[in-house]
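The following paragraphs examine how two parts of one protein chain meet. Please view the sequence and the model together while reading.

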Amino acid sequence: MADHPGCCRPCATCLLCLYSCQWITAKKEKKKGLRTTKCDCSWFLFLFCVFLFTLVWLYFAIIILNDFHNFNEFIFKQRKLWLDWSLVLLIATAMLITYSAVLLVLALCLQLCGQPLKLHWLHKTLLILTALVVAAAFTGLGIKWAEEWRSARISLQATGPFLHIGIVGGMTLLAWPLASFIYRTHNTGLKVFLLLVYCAVMIALYLAPMGITSPCIMEENQLPPKPALVGHRGAPMLAPENTLMSLQKAVDCDVQVFETDVMVSADGVPFLMHDEELTRTTNVQAVFPERAALNSTAFNWTDLQQLDAGSWFLERRPFPTVQRLSSGDRDKATKQRIPSLKQALDAAKQNNISIMFDLRPENHSNYQSFVNTTLEVILQSGIPLQQVLWLPDGFREQVKEQAPGVQQVYGRKRLQNEKEPLLRVNLPYQDMSTEEIRQYRQDNISVNLYVVNQPWLFSVLWCSGVSSVTTNACQVLKEMKRPIWLLSSSTYLMIWIVVDCASFLAILWAFLLLK
């Protein structure tokens, strides 16, 4: 093959060396008469597919970061090992996408230079391994974390318009090596096939915005009010979760509700704790090593008060924000103890915020007594009952009778022919569509969705009209003044026309210039 007039021989030699893992100069290659075979073309197609595969996985990896703290907690419960696995995920994904992207760029440059695509066996092996690793990742996601597929569907509502622009841009750039290949090959059937496929894909892309729907394509004056913030166990990115420090940090973030979890000690004192065991968020293994594996409810209040509920936060660093804490906050974190429900109610009353909680464990044999004890503490605390949001389903009718002022929050959607209409629901953000959120809003039902940490997700739910969101990142969402995806219909239409026209002209230029 002759060298392309715009590609110098040293550049062609370097590209051949990197792609083929052999030091073959362009001059030697020409003498040997090396050509791109059908097998080489097949490997190029496989490379292109692997690149797209890893690119899709990169998108998923970014999406699931919103929920990755749950995965870290799950691994700790299983292995008693704390690590921010999101870093492992991102580093591994970045390596895979970088490798396949570099190979693809090399192949496209070789095509533009008129050089053969002789992929080395080592690259072939690594590409197969890359495809297998990504396939295993998708399989594991589908088996163990299936709800993330619904997260991806929600994300496409937000990113659809922008992904469309990116894909059109990528396919437009592909016109250059495609035009070069078409003008060099003598196989008329292959030429026609490639042109038809490429034209069909581009026409589909140009018309795709007609089928793209996003809750954030609206006029700004139609935007619903910003959702209220519910602090998930307080402000767990700024302080140890389920502590008075975490509650105060949540108040500083302007949250309207402090969400927590309540258990009852062996001697009848309700206290704040999420996990059934104390090992993750206290130093119970150092203080009571022989009892560390026991359920939290097996400890009496005196024992619980001996535990340090804050130092783990500085040692394990569950969130990257821990590294940026001031020395004062670090010192305060080390002094945190497990708070009682009464202390939390007093703090909520003092700061005029509501408190919402689950009562755990639901399957405990003494659960009814837990409900009675918890209700007694609430009624004695003096907090206005409308500031208490009750989540547990067990013995709910009893709670309504003894404390009718308490706000009942349901962890389910409304049913047909509901005897008593729901006023508040608390659901995972994957469980409600935009249409359902808007219908509930129209029917004056308050919808709280959890756990929402990323601005992109908060933006979609804001545009959808959700009442409030439970979040770990109240300090981030507090600063958002408008959804990051908000586009008016006229602006989107203009962007659509400009992008499609620019793409068409660029493709036309590529085919005319390389002719």
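A salt bridge is a side-chain nitrogen of Lys or Arg within 4 Å of a carboxyl oxygen of Asp or Glu. The side chains of arginine 233 and glutamate 73 form such a pair, with N to O at 2.9 Å. The model is predicted, so local features need pLDDT of at least 70 and side-chain atom pairs count only at pLDDT 80 or more, while totals for chains, interfaces and linings use all residues. Residues are numbered from 1 along each chain as its sequence is written, and side-chain values use heavy atoms, leaving out hydrogens and water.

The domain assignment, which is automatic or taken from a database, divides the chain into domain 1 (9-214 + 493-514) and domain 2 (228-478). Their C-alpha centres lie 43 Å apart. To the contact (heavy atoms within 4.5 Å), domain 1 contributes 19 residues and domain 2 contributes 22 residues.

Buried area is the accessible area (1.4 Å probe) that two parts lose on being put together, summed over both. Between domain 1 and domain 2 it comes to about 1900 Å², with 54% on carbon and sulfur atoms. Asn66, Trp82 and Ile154 lose the most area on the domain 1 side, together 32% of what that side buries.

In total, 4 salt bridges are counted between domain 1 and domain 2. On the side of domain 1 that touches domain 2, helix 4 (68-79) and helix 7 (147-173) each supply at least two residues; helices are DSSP runs (H or I, at least four residues) numbered from the N terminus. Helix 7 gives the most to this side, with 9 residues.
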